[in-house]
Amino acid sequence: MSDDFVTLHIFPSETEANIVKSMLDAEGIFSALFKDDAGGMHPHLQPTRGVTLKVRSSELKEAQTILAASDN
């Protein structure tokens, strides 16, 4: 089992990323958000660079299933 982190999805806003992160948390899947908005001082950079949601590679398939279900 690998603990390497891989990108699940890149979201246009932190709000959207946090919604999916909460869904993953509820299922016991650890995830982490990565964003470059100067420590929150420049949130307008999020739509250009996006907010990356990463999960452990060993949990990627399950996380993809949850993400796909959230699109419905």
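Which elements do the buried residues of α3 pack against? Select β1 (5-11), α1 (14-26) and β3 (51-56), and you have them. Contact here means heavy atoms within 4.5 Å, and helices (H or I, at least four residues) and strands (E, at least two) are DSSP runs numbered from the N terminus.

Before you click on: this is a predicted model, where local features need pLDDT of at least 70, side-chain atom pairs count only at pLDDT 80 or more, and totals for chains, interfaces and linings use all residues. Residues are numbered from 1 along each chain as its sequence is written, and side-chain values use heavy atoms, with hydrogens and water left out.

Now pick helix α3 itself, residues 60-70: Ala63, Ile66 and Leu67 are buried (under 20% relative accessible area, with exposed over 50% and partly exposed in between; 1.4 Å probe, protein chains only). They span an arc of only 100° around the axis, so they sit on the same side of α3; the arc is taken from the directions from the helix axis to the C-beta atoms.

Next, Met23 in helix α1. Beyond its neighbours within four places in sequence, Met23 is in contact with Ile66 and Ser70. Its C-alpha is 8.5 Å from that of Leu67, 44 residues apart along the chain.

Last stop: charges over rings, meaning NZ of Lys or CZ of Arg within 6 Å of the ring centre and within 35 degrees of the ring normal. Lys21 lies over the face of Phe30, 5.9 Å from the ring centre. Over at Phe34, the charged end of Lys54 sits 5.6 Å from the ring's centre.
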